[in-house]
Amino acid sequence: MVKYKKKILILVLLAIFVIGISITSVSAAESSDGNTKAKKVSQSDVLKASKNIKTYTDKNKKLPNYVTIKNQKYSMEEYMHLSSLTIYYKYKQKKNTVAVKSGVKSPKSPSGSKINGKLNKKQFSTYNVNAYKYIKNYDRAPNFISTKLGKMKFQTFIYANSRILAWSADNGGKLPNTLTLSISATHPINKYFPKYSSSSDSSSGSGSQVVNPTKSVSMTNIFEASNRVKKLH
């Protein structure tokens, strides 16, 4: 009876040991690439990211390859989706969280003209709706956005959005009444195309999955572990 209880105790301890290994493995798998996207982010998170993009671009005269939001990396194509949707929500005075769209493809051939002039709130909000719809329909960022000032190249559009939302971050979350831009087609911002890719990126945007550890270990796993322990003695 004592030997039987001792054997049961060993099996229980082994079960705890194996489950512990399983949980550790799952945690490592989910955090190793550091890039499992959430399903949604807050508008304030997008505003903070926009300030970082604007600061980096102003300093380096080019867009960053990615921006970090809540410890996750987002490409400029993904940011285009997030920022366009955020601007639309703010224009409509909606407080919705912003849906994440992972794996947005790069524009095939970015092009555009010199952008010099002023856009009002309604105009740049409408252009952002167009950008959002394009990405939604084609899973790809557009080469340019047509505006009254001309064809706004992908890079210029990203920078414009970062300026709009950086201003919003510093002014209580509201949009500016106007946006003034003066960026030539050959401006350094337009010469460099941001590149970011990761083989571990999730293209589904489904976010991390919660694994139930009680279902990840079977009795077969436990007995196999028990046999391995026996062989060591």
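Analyst: N190 counts as buried because its relative accessibility is 3%, buried being under 20% relative accessible area, exposed over 50% and partly exposed in between (1.4 Å probe, protein chains only). Bear in mind that this is a predicted model, where local features need pLDDT of at least 70, side-chain atom pairs count only at pLDDT 80 or more, and totals for chains, interfaces and linings use all residues. Residues are numbered from 1 along each chain as its sequence is written, and side-chain values use heavy atoms, leaving out hydrogens and water.

User: Which residues is N190 in contact with, leaving aside its neighbours within four places in sequence?

Analyst: Contact means heavy atoms within 4.5 Å. Here, with those neighbours set aside, N190 touches K153, Q155, T156, I183, S184 and A185.

User: And which side chain makes a polar contact with the side chain of N190?

Analyst: A polar contact is a pair of N or O atoms within 3.5 Å; within protein, one must be able to donate a hydrogen and the other to accept it, and residues adjacent in sequence count only if both atoms are side-chain atoms. For N190, the partner is the side chain of T156, at 2.8 Å.

User: Where does N190 lie?

Analyst: Helices (H or I, at least four residues) and strands (E, at least two) are DSSP runs, numbered from the N terminus. N190 sits in helix α6, residues 188-191, and the protein has seven helices and eight strands.

User: How much of the protein is buried?

Analyst: Of its 233 residues, 38% count as buried.
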